Amino acid sequence: MQFLKSFAAGFASTLAFHQGLLWLLHRLGSSPRAPWNFAPVPPFGVPAVISLACFGGLWAIALAWLLQEARGSRYWLLWTLLGALGPSVVAWMLVMPVKGMAMAAGGDPKIMIGALLLNAAWGAGCALLLRLPPR
């Protein structure tokens, strides 16, 4: 049951916190990428934002398992830091080259800092959603 709760938190955090911050950055002119992208992505043609949210759910399962003993301020700090670093580093070093892009966005600080901020928001959002009392 914890896997399902973690996946749901990661999925929802992607849609609300990650994409919410992307919306704000886009509105401020700090990001050319628009949030909640519904363009289909291969190989199954699902909307990009749904694919991203599914990966957010998988990341949340991994981090929830890794951080299951964290308490207090350590809990919030680790979710935010590992949420920022884990997905960002994997995107820079694995996903970007697989998609034919330069590793680590060619060192573009705007893209790298943007990724860290968006994924930190996702991590903090997961931490919050996992701490909400059950209904």
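What is the volume of the second largest pocket?

Analyst: The second largest pocket has a volume of about 150 Å³. The model is a predicted one, in which local features need pLDDT of at least 70 and side-chain atom pairs pLDDT 80 or more, whereas totals for chains, interfaces and linings use all residues. Residues are numbered from 1 along each chain as its sequence is written, and side-chain values use heavy atoms, with hydrogens and water left out.

A pocket is an open set of points, on a 1 Å grid over the protein atoms alone, where a 1.4 Å probe fits, with protein on both sides within 12 Å along at least five of seven lines; lining residues have an atom within 4 Å of a point. The volume is the space filled by probe spheres set on the points, which are joined across faces, edges and corners.

The lining of the second largest pocket includes Gln-2, Tyr-75, Trp-79 and Arg-131. Helices H3 and H4 each supply at least two of its residues; a helix is a DSSP run of H or I with at least four residues, numbered from the N terminus.

For context, the largest pocket has a volume of about 1400 Å³. Its lining divides into 26 nonpolar, 10 polar and 4 charged residues, and H4 gives the most to that lining, with 9 residues.

Definitions and conventions. Nonpolar A, V, L, I, M, F, W, Y, C, P; charged D, E, K, R; others polar.
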